[in-house]
Amino acid sequence: MSKTLAAITGVHGYVPEYVLTNKELEQMVETSDDWITSRTGIKERRILKDKGKAASDMGVEMVKGLLEKTNTDPADIELVICATVTGDMKFPDTANIICDKAGINNAFGYDINAACSGFLFALSSGATYIESGRLKKVIVIGLDVMSSIIDYKDRTTCVIFGDGGGAVLLEPNDEGFGVIDSVFRGDGNGRHFLNMKGGGSLNPTSEETVKNGMHYVFQDGRPVFKAAVKGMTETVQQIFDRNNITKDEIDWLVPHQANMRIINSVAAFADFPMERVMVNIHRYGNTTAGTLPLCLWDYEDQLKKGDHLILTAFGGGFTWGSSLLKWAY
Ligand code: UT7
């Protein structure tokens with residue numbers, strides 16, 4: 001009998017209704033549709049505008065849709081992991097709030113904060129519980145409400161980020177379908193280039209931190225760009241080498257959607273044809289931990305049982321990595 005893998009047996013995404021276009025951003029900051037499109041590939045992004053709604057409410061939409069389409073009883077879910085940097089509150093974890101609101105009452109839950117790599121790291125964590133035989137049904141969510149931590153006066157960040165994400169169900173598979181391998185890395189020195197300085201134990205929220213805009217995302221884009229291309233390219237190559245596979249055996253490359261130029265560079269380094277690269281950045285922008293499950297959801301109809309996928313991400317931390325998986329349905 002082959003080793004038990006954790007197979008994705010369903011995916012469901014959610015994006016808020018409100019569409020923030022490049023045209024609208026032109027009215028808000030000194031920018032242009034031309035600049036945003038040519039430098040990032042983004043045309044529009046979704047924003048959670050509903051008063052009183054938060055990350056968990058988006059998560060509930062994802063989870064309810066997932067349970068329904070996979071015909072799963074909420075009582076059978078044993079673990080929910082939520083990757084996010086914009087949970088409802090600093091604590092408790094949003095995963096537990098989602099469970100409560102979605103009627104998942106026999107599970108435990110926790111959040112993973114690895115910024116844009118969060119979904120990949122969470123997927124691997126969830127997979128480990130399944131592979132070990134300890135759990136049989138795990139939900140992994142990647143989502144972010146980036147609009148809650150973006151300064152809409154800062155043109156260097158507000159044009160990039162959006163809200164949304166998705167959830168997958170993981171179940172055991174003994175026929176070789178599921179998460180096959182992962183290569184993950186981190187570099188804490190990256191904290192200087194991409195961060196939110198206020199609200200943590202280093203700079204607890206005060207009048208001063210708010211006055212200085214420390215409750216907003218800060219990004220020094222160029223070094224992040226370079227490190228992202230390098231990190232994703234290297235770990236994709238490691239996945240090829242460690243698993244003795246070539247790009248011709250990979251059906252889909254699923255890259256984090258941070259910048260179309262980064263996606264193009266990673267695909268070019270791997271000599272990977274763009275028609276087999278999942279791209280939806282033009283519609284959603286960068287949803288941080290949400291991009292990868294949103295891609296899987298968008299492309300679900302085109303995926304076939306047995307397809308090999310490489311998921312790759314890079315984000316704040318720095319954190320980065322790639323995972324190889326065989327699609328199960
Ligand atoms: O998901 C987490 C990881 N994050 C990433 O992977 C993001 C990586 N970085 C990037 O995607 C890009 O660096 C950005 C999209 C953030 C910026 O693009 P860039 O090509 O690196 O631009 P830049 O920061 O080098 O700025 C070029 C120029 C500057 O003007 P000067 O100094 O040349 O006069 C900026 O002030 O573009 C200006 N600029 C803008 N102009 C119009 C920056 N933002 C804007 C804007 N509209 N929104």
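This is a predicted model: local features need pLDDT of at least 70, side-chain atom pairs count only at pLDDT 80 or more; totals for chains, interfaces and linings use all residues.

Visitor: What is omega for the peptide bond from glycine 317 to phenylalanine 318?
Guide: Most peptide bonds are trans. The bond from glycine 317 to phenylalanine 318 is cis instead. Its omega is near -10 degrees.

Visitor: Which residue does a cis peptide bond join to phenylalanine 91?
Guide: Omega for this bond is about 5 degrees.

Visitor: Is alanine 115 buried or exposed?
Guide: Alanine 115 is found in the loop between strand S5 (108-112) and helix H5, and it has a positive phi of about 50 degrees although it is not a glycine. Its relative accessible area is 13%. Buried means under 20%, so with 13% alanine 115 is buried.

Visitor: And is aspartate 271 buried or exposed?
Guide: Aspartate 271 also has a positive phi, near 55 degrees, in a residue other than glycine. Its place is the loop between helix H9 (260-269) and helix H10. Since exposed means over 50% relative accessible area, the value of 52% makes aspartate 271 exposed.

Visitor: Let's turn to the domains. How much area is buried between domain 1 and domain 2?
Guide: Domain 1 runs over 5-175 and domain 2 over 180-326, with 14 Å between their centres, taken over C-alpha atoms. At the interface, 48 residues of domain 1 are in contact with 44 residues of domain 2. Carbon and sulfur atoms give 66% of the buried area, which is about 3500 Å².

Visitor: Which side chains meet in a salt bridge between lysine 69 and its partner, and at what N to O distance?
Guide: The rule finds one salt bridge across the interface of domain 1 and domain 2. Lysine 69 and glutamate 300 meet in a salt bridge through their side chains. The N to O distance for lysine 69 and glutamate 300 is 2.8 Å.

Visitor: How many residue pairs are in polar contact between domain 1 and domain 2?
Guide: The count takes pairs with both residues at pLDDT 80 or more. Between domain 1 and domain 2 it comes to 13 residue pairs.

Visitor: How many nonpolar residues does the side of domain 1 that touches domain 2 have?
Guide: Elements that each supply at least two residues of this side include strand S1 (5-14), helix H2 (33-40) and helix H5 (118-131). By class, the side has 14 polar and eleven charged residues, and its nonpolar residues number 23.

Visitor: Why is helix H11 largely enclosed by the rest of the structure?
Guide: Helix H11 covers residues 291-298. Among its buried residues are Leu292, Leu294 and Cys295. Helix H11 is largely enclosed because the number of its eight residues that are buried is six.

Visitor: Is threonine 288 buried or exposed?
Guide: Threonine 288 lies in the loop between helix H10 (281-284) and helix H11. Leaving out residues up to four places away in sequence, it touches Val85, Ala115, Cys116, Asp144, Met146, Phe161 and His256. With 3% relative accessibility, threonine 288 counts as buried.

Visitor: How many residues apart are lysine 137 and glutamate 171?
Guide: Their side chains meet in a salt bridge of 2.5 Å, N to O. The pair links distant parts of the chain, with lysine 137 in the loop between H5 and S6 and glutamate 171 in strand S7. They are 34 residues apart.

Visitor: What separates lysine 230 and glutamate 234 along helix H8?
Guide: Lysine 230 forms a salt bridge with glutamate 234, with the closest N and O atoms 3.3 Å apart. Lysine 230 is exposed at 52% relative accessible area, whereas glutamate 234 counts as partly exposed at 39%. Because they are four residues apart in helix H8 (residues 221-242), the separation is about one helical turn.

Notes:
Residues are numbered from 1 along each chain as its sequence is written. Side-chain values use heavy atoms; hydrogens and water are left out. Domain bounds come from an automatic or database domain assignment. Contact means heavy atoms within 4.5 Å. Buried area is the accessible area (1.4 Å probe) that two parts lose on being put together, summed over both. A salt bridge is a side-chain nitrogen of Lys or Arg within 4 Å of a carboxyl oxygen of Asp or Glu. A polar contact is a pair of N or O atoms within 3.5 Å; within protein, one must be able to donate a hydrogen and the other to accept it, and residues adjacent in sequence count only if both atoms are side-chain atoms. Ala, Val, Leu, Ile, Met, Phe, Trp, Tyr, Cys and Pro count as nonpolar, Asp, Glu, Lys and Arg as charged, and the others, Gly among them, as polar. Buried means under 20% relative accessible area, exposed over 50%, partly exposed in between (1.4 Å probe, protein chains only).
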